[in-house]
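Open the model in your viewer and keep the selection panel at hand. The stops below are given in the order in which to select them.

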Amino acid sequence: MDSPQRRKRKQQARIYKPAYAKFLSVRSLTVCLSFFVFVLFISSDRLPIHKGVSFRPVLRTSTLSLLPAFLTGNGGAHATSKSQYPRLVVEGRVLMPDHLMLIVSTKLTPLVDNLDCVYYDLVLEQVVLKPVLSVDEYHQFKSIVRCHLPPLNFSASVNLRGRQRGRLGNVVVERRDWLLRLNQSVVPSWDRVVYEAVLDWNAHTRNVVVFAKGLNLKPHREADARKFRCHFSLTDFDQHHRGLFVLTTQAIAAAQETVRCLLPRSILNNPDKAKDIRVTVGRRGDGNVEGADDAPLPSIAKLQNVNSHQGKSNTGKYELCACTMLWNQASFLREWIIYHAWLGIERWFIYDNNSDDELQEVIDELNLHDYNITRHAWPWVKTQEAGFSHCALRAKHECKWLGLFDVDEFFYFPHDRGQDIPGPNSLRALVMNYTDSPTYAEIRTVCHSYGPSGLTSSPSQGVTVGYTCRLEAPERHKSIVRPELLHTTLLNAVHHFRLQDGYRYLDLPESKAVVNHYKYQVWDTFKAKFFRRVSTYVTNWQDDQNKGSKDRAPGLGTEAIEPHNWRLQFCEVWDTGLKDFVMANFADSASGFLPWERSLA
C-alpha cells in the first residue's frame with residue numbers, strides 16, 4: 001500500500017505534467033491509428049473500390065499546417081476577416097540554396113499579393129510574416145510556394161497564411177503553439193533529400209523510380225542496386241520516424257541520382273491506391289547485423305503516375321517529340337519551336353527550372369496555334385540528368401522518338417547546289433526509318449558551336465539568322481532516342497542515354513545532318529548562362545575548378561566580366577547555310593518578317 005508521501009508525489013506529478021506530453025500522446029495515437037488503417041487499406045485486395053475514386057491518404061503529422069485559427073484565417077477569437085485562401089496544407093518543405101520551398105496540397109493562383117510566409121522565432125517566441133517570393137503549379141493539382149530563407153534562430157518549419165487587411169509584422173503566439181513548432185520534423189536540406197518518385201507502369205515494367213540528392217554515386221556509372229532499398233509510408237522519413245515504415249522493397253537498378261525499386265505486391269494489385277504515398281531510399285547494411293541499415297534519406301516525394309495515356313498502342317503514339325530544360329529563355333522559345341515543328345516535331349515537354357520570365361505566356365500563345373506544348377515545373381537545381389530521365393519516363397507513353405536538346409540548338413540538313421532541299425517534316429521522316437529497327441535505339445548528330453559573329457546586341461531575326469560564324473571542329477553531339485528502349489537505370493550524360501542490351505546508337509554523318517549550337521552569343525545573353533549551370537556534374541563557372549574543361553568558355557575566368565573582343569571570339573568559319581535555309585522557307589515574301597519576330601496572336 002502506498003504511503004501518504006508517495007500518494008502526494010503522484011498527485012503533484014499529475015498536476016505538473018508538461019502540456020506537450022498530452023500533445024505527444026494524442027499525436028502518437030493518431031500516427032499509430034493511421035498506420036494501422038493504411039496497412040489494412042493498402043494490403044487488402046478485397047476492399048470495395050469505386051471507379052473514379054483514388055486513395056488520397058491524409059495524416060496530421062508534423063508536415064501539415066498547425067497554425068492557430070487567427071493565422072490561418074479560419075475564424076477564432078483573434079480573426080479579423082476571412083482569408084481568400086482555404087486552409088493551406090503544407091505537405092513538405094526543403095531548404096534550397098537561396099530560398100525555402102514549400103509543397104502545398106492545393107492548386108494556388110500564381111498571384112502572390114495576398115499570401116505570406118509565416119516564420120517562428122524560437123528565441124523571442126514571436127511570429128514574423130513576409131510575402132512569398134513566388135507560386136508555381138506542381139504535379140497538376142498542387143503548388144510550389146517559395147519563401148525567403150528563415151533568419152537566424154528561426155524555425156525552418158515555415159507555414160503559409162492568407163493576408164488579412166494587407167498587414168505584415170509580428171504576432172504573439174500562445175505557448176502551446178510553440179510546443180507544436182518544436183515538435184515538427186527537421187526540414188531537409190537540398191543536398192540530402194528524396195525529391196521525386198514516379199511509377200513506371202506499362203505492360204513490361206511495374207516499378208517505382210526514385211530521384212534523390214545525397215546518394216553520392218559516381219557520375220555516368222551504374223551503381224550496385226543491392227545496396228539500396230525503397231520505403232513506402234504515410235509519414236515523413238527522418239531520424240524520428242525510422243520505425244514507421246509501412247512497406248519496404250529491394251532496389252533493382254541505381255545510377256547517379258536515380259534508384260529503381262520493385263513495388264510492393266499490395267500496390268501492384270491496387271495502383272490507384274498508391275497515389276500520394278511517400279517514398280524514400282535507404283542504404284542496406286550488413287544483412288548479418290540486426291538494424292545495420294542506414295537511416296533513410298528525408299523525403300518530400302510522393303508517388304506520382306505520369307502515364308496519362310495508359311493502354312496507348314505504339315501505332316497511336318507521336319512519331320517525334322522533344323524535351324528540354326530551361327531557365328528564363330522565353331524569348332528564344334518561339335523560334336526554336338516554330339522551326340522544329342516545321343521539321344516534324346509533334347509534341348513538346350518543357351521542364352521549367354525556376355524561370356521568372358514570360359515563359360507560360362509564350363507557351364499559351366503557341367498552344368493557341370496547336371503546337372502541343374506542356375510545361376512541367378522542375379524546381380530542382382543542378383539536376384538536368386535526372387530531369388531528362390524523368391522526361392523519358394513521361395514521354396515513353398506518348399512518343400516513339402524523343403529528342404533531348406536545348407533551345408539554342410537547331411537541327412539542320414546541309415545540302416549542296418543541285419541537291420534536293422529538305423522539306424517540311426524531314427526530321428520526322430529521318431527517325432521513322434528506324435522506328436522498327438531491331439538494332440538502333442538512338443540517333444546521334446554532331447554539333448557546331450557558333451560565336452557572337454561580330455554582334456554586340458541580340459539579333460532581331462533570331463539566332464538562326466543572326467549568328468553565322470562558328471568554330472571549325474564539331475563539339476560533342478545531341479541525341480534522339482526511343483524512350484521505351486532505355487536502360488533500366490535511365491543513366492544519361494545529358495547528350496545521350498545508356499540503352500538496353502542488344503541496342504546501339506547510329507552516328508549520322510556530318511554531311512547528312514548537324515546541330516547548330518548557338519552557344520556563345522552576345523555578352524548580355526551569354527552572361528546569364530554564367531550564373532546557372534543545370535547539369536549535376538558540370539562545375540559552375542564561378543568555381544575555381546576544371547578551368548580547362550570543354551564545359552567552360554575558353555578564356556573566361558570565374559567572374560562575369562566581358563573578355564576583350566568577345567564579339568569576335570569563337571569565329572573560325574563563316575557558315576550561312578542555316579540562315580539561307582530559314583530565309584528561303586520561313587520569311588514572309590512581302591515583308592521579309594520571320595514568324596517568330598512578332599506575336600502569333
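What is the torsion about the S-S bond of Cys117 and Cys147, and is the disulfide left-handed or right-handed? The torsion is about -85°, so this disulfide is left-handed.

Before going on, note that this is a predicted model, in which local features need pLDDT of at least 70 and side-chain atom pairs count only at pLDDT 80 or more, while totals for chains, interfaces and linings use all residues. Residues are numbered from 1 along each chain as its sequence is written, and side-chain values use heavy atoms, with hydrogens and water left out.

**Stop 1: Cys117 and Cys147**

Select both cysteines; a disulfide (a pair of cysteine sulfur atoms within 2.5 Å) joins them, S to S 2.0 Å. Cys117 sits in strand S3 (residues 115–121) and Cys147 in strand S6 (residues 142–147), 30 residues apart. Helices (H or I, at least four residues) and strands (E, at least two) are DSSP runs, numbered from the N terminus. Cys117 has 0% relative accessibility and counts as buried; Cys147, also at 0%, counts as buried. Buried means under 20% relative accessible area, exposed over 50%, and partly exposed in between, with a 1.4 Å probe and protein chains only.

**Stop 2: strand S16 and its two cysteines**

Next, select Cys321 and Cys399, which are joined by a disulfide with S to S 2.0 Å. Cys321 lies in strand S16 and Cys399 in strand S19 (residues 399–404), so the pair ties together parts that are 78 residues apart in sequence. The torsion about this S-S bond is about -95°, so the link between Cys321 and Cys399 is left-handed. Both Cys321 and Cys399 are buried.

Then select Cys323 and Cys391, whose sulfur atoms are 2.3 Å apart in a disulfide. This pair connects strand S16, which holds Cys323, with helix H8 (residues 384–395), which holds Cys391, 68 residues apart. With 140° about the S-S bond, the link of Cys323 and Cys391 is right-handed. Cys323 and Cys391 are both buried.

**Stop 3: all the disulfides**

How many disulfides does a search of the whole structure find? The search finds five. With bonded cysteines counted along the chain, they follow the pattern 1-2, 3-4, 5-8, 6-7, 9-10.

**Stop 4: helix H7**

Finally, select helix H7 (residues 359–367), whose buried residues are Leu359, Val362, Ile363, Glu365 and Leu366. Seen down the axis of H7, these residues fall within an arc of 160°, so they line one face of the helix; the arc is that of the directions from the helix axis to the C-beta atoms. The buried residues of H7 pack against strand S16 (318–326), helix H6 (330–343), strand S17 (347–352) and strand S18 (373–377), where contact means heavy atoms within 4.5 Å.
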